[in-house]
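Colleague: Can you walk me through this one? I have a few quick things to ask.

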Amino acid sequence: MESLSKTWFVDVDGTIIKHSTNEEIDEMIFKFKDKSYLAEEPITSAIEFFKNRPKRDRIVIATAREKRHIEHTLKVLRHHGMPFDDYVFELGAGPRIVVNDIKPPGAAGNKDPLKTAYGLDVERDEGITSQHEDIVAKI
């Protein structure tokens, strides 16, 4: 699996940026106008984790933030150097489930069946920790 690229679906609030509600974001935008993106606090260790992913990996931002916050959120991510390839907004706050096939032997240069769907839960506002890095290293 090491030679295959990975696709990361990454939430924003509480995982790479300290958690904010849509209402709190509205207040930031009202108060700080075009500088509102500076009011959001990054989870630096998580952003560094994603900066260190192989360039061939893809990162898709997957967030419950409402579409009216796209411009603001993208400014936040870019300001803090969070790499990403695509984004999806308005997913809702419920669980996110990834469904993918198990690659049969030989399908991707693999000897054994290859599992291709994983999930990581992180404590809110803590981001990826060394515990998670150990798990990711085994994927």
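This is a predicted model: local features need pLDDT of at least 70, side-chain atom pairs count only at pLDDT 80 or more; totals for chains, interfaces and linings use all residues.

Colleague: What does lysine 75 form a salt bridge with?

Modeller: Glutamate 71. The closest N and O atoms are 3.7 Å apart.

Colleague: How many residues apart are lysine 75 and glutamate 71 in helix α3?

Modeller: Four. Helix α3 covers residues 70-79, and about one helical turn separates the two.

Colleague: And glutamate 71, buried or exposed?

Modeller: Exposed. Glutamate 71 has a relative accessible area of 57%.

Colleague: Back up a bit. How many helices and strands does the chain have?

Modeller: Four helices and three strands. Along the sequence the pattern reads β-α-α-β-α-β-α.

Colleague: What does the C-alpha trace span along its principal axes?

Modeller: About 55 × 25 × 25 Å. The chain has 139 residues, and 34% of them count as buried.

Colleague: How much of the contacts comes from residues 24 or more positions apart?

Modeller: They account for 72%, taken over contacts with a separation of 6 or more.

Colleague: On to the sheet. What is the strand order?

Modeller: β1-β2-β3. The sheet is open, has three strands and pairs in parallel.

Colleague: Which strands are at the edge?

Modeller: β1 and β3, the latter at residues 86-88. Each pairs on one side only. From one strand to the next, the twist averages 20°.

Colleague: Over how many bridges do β1 and β2 pair?

Modeller: Four, in the parallel sense. Within that pairing, valine 10 stands opposite isoleucine 61 in β2.

Colleague: Which residues of β1 are on its covered face?

Modeller: Trp8 and Val10. Thr7 and Phe9 make up the uncovered face.

Colleague: Now helix α2. Which of its residues are buried?

Modeller: Ala46, Ile47, Phe49 and Phe50. The helix runs over residues 44-51.

Colleague: What covers the buried residues of α2?

Modeller: The cover includes β1 (7-10), β2 (58-62) and α4 (130-137).

Colleague: Which side chains meet in a salt bridge at 3.3 Å, N to O?

Modeller: Those of glutamate 48 and lysine 51. Both residues lie in α2, three residues apart, which is about one turn of the helix.

Colleague: How accessible is glutamate 48?

Modeller: Glutamate 48 is partly exposed, at 34% relative accessibility. Lysine 51 is partly exposed as well, at 34%.

Colleague: How many salt bridges does the count come to?

Modeller: Eight. One of them joins lysine 103 and aspartate 101, at 2.7 Å from N to O. Lysine 103 is partly exposed, with a relative accessible area of 24%. Aspartate 101 is partly exposed too, at 39%.

Colleague: And which residues do shared partners join into one network?

Modeller: Asp13, Glu40 and Arg65.

Colleague: Last topic, backbone angles. What is phi of lysine 33?

Modeller: Near 55°. That is a positive value in a residue other than glycine. Most residues other than glycine have a negative phi.

Colleague: Where is lysine 33 found?

Modeller: In the loop between α1 (22-32) and α2. Lysine 33 is exposed, with a relative accessible area of 53%.

Colleague: What about phi of aspartate 125?

Modeller: Positive again, about 65°, although aspartate 125 is not a glycine.

Colleague: Where is the place of aspartate 125?

Modeller: In the loop between β3 and α4. Aspartate 125 is partly exposed, with a relative accessible area of 26%.

Notes: Residues are numbered from 1 along each chain as its sequence is written. Side-chain values use heavy atoms; hydrogens and water are left out. Buried means under 20% relative accessible area, exposed over 50%, partly exposed in between (1.4 Å probe, protein chains only). Contact means heavy atoms within 4.5 Å. A salt bridge is a side-chain nitrogen of Lys or Arg within 4 Å of a carboxyl oxygen of Asp or Glu. Two strands pair if DSSP finds at least two bridges between them. Axes are lines fitted to C-alpha atoms, for helices over the stretch in contact, and angles run from 0 to 180 degrees between N-to-C directions.
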